[in-house]
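Dear colleague,

I am handing over the structure we spoke about, and below it you will find my notes on what turned up. Please look through the structure before you read on.

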Amino acid sequence: MYFLEYTHELVKYQSNEPLNPMAPNWTLPLMQSQVYDTEDWHRDLREYAENIPNPDYFKKDTINLEFDGWSTEETNRIPEYNFLSTDNFAVAEFRNFIRSSHDIYCKALGIVLTDEMREHLRIQCWVNILPPGESIKPHNHYCGANSWISGNYSLTANKDTYTAYYAPSHEVRVQNNPGMLIQFPSHVAHYTNTYKGNDKRITIAYDIFFDKLSQWSGEYEALKEMKLYA
């Protein structure tokens, strides 16, 4: 059993007060959650992440990484795979952490989750592994009418690694500290800088969305999603 402690902080990045009707007026709400005393949990999560089935279609030559924003050698963001589809105890704890963090994010934003909303929320989760010299290019996840919330959790990182989130007039850079989860609206574009560490940079990312989402187009039927509340 893991005895995880964590804190949550909603940070709202906002434009300056508009001085005319055409001036930008935006808010970028990021939920920054930090988990403490993660050594055992991270060890088990990393062991699972690095040893999951990894067929050839996870590799760069069979994924349109330029389109999806990836330049890393290995990413498991494909419709047919979901990192959470396992009875691994460390992963089950991660799913519980996602659920509680999602609820706290919504509550902080004043969003009331009805039973019907909970019934229709789904999650897709994957792992990104970056060797030194790699990066993730600018991209967003979903921009459709039913897009919702995405997250990025750092297993390994260093002080020089950050994820930048685009606001209309500037970008917000958040350092990738191990044990930190960043939640953000799925439509927000983001990227990572070039990884300069000595170890692999391993992150776990996910999308939470409503089951009527059609962003995947023809691939939607193959999407190996799960109910968020189950």
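Helices, of type H or I and at least four residues long, and strands, of type E and at least two, are DSSP runs that are numbered from the N terminus. Please keep in mind throughout that this is a predicted model.

On confidence, the protein chain averages a pLDDT of 84, and 82% of the residues score at least 70. Among the elements, strand β8 (residues 180-185) has the highest mean pLDDT, 97, whereas helix α2 (residues 65-68) has the lowest, 46. Over residues 59-71 the pLDDT stays under 50, and for this stretch the model has 37 contacts beyond four places in sequence. The pLDDT is also below 50 over residues 214-220, a stretch with 12 contacts in the model beyond near neighbours in sequence.

If neighbours within four places in sequence are left aside, Phe83 is in contact with Leu45, Tyr48, Ala49, Val91, Cys125, Trp126, Val127 and Ile204. As general background, nonpolar side chains tend to be buried together in soluble globular proteins.

Helix α3 also holds Ser101, which counts as buried because its relative accessibility is 0%. Apart from neighbours within four places in sequence, Ser101 is in contact with His8, Ser33, Leu181 and Gln183.

Finally, there is an open sheet of three strands, in the order β7-β6-β9, whose pairing is antiparallel. Because β7 (171-175) and β9 (190-192) stand at the edges with a single partner strand each, one side of each is left without a neighbour in the sheet. On average, neighbouring strands of this sheet are turned by 20° against each other, direction ignored. Strand β6 (residues 162-166) pairs with β9 over three bridges in the antiparallel sense, and Ala164 stands opposite Tyr191 in β9.

With best regards

Note on methods. Residues numbered from 1 in each chain as written. Predicted model: local features only at pLDDT ≥ 70, side-chain atom pairs only at ≥ 80, totals over all residues. Heavy atoms only, no water. Contact = heavy atoms within 4.5 Å. pLDDT = per-residue confidence, 0-100. Pairing = 2+ DSSP bridges. Axes fitted to C-alpha atoms, helices over the stretch in contact; angles between N-to-C directions. Buried < 20%, exposed > 50% of the residue type's maximum accessible area, 1.4 Å probe, protein only.
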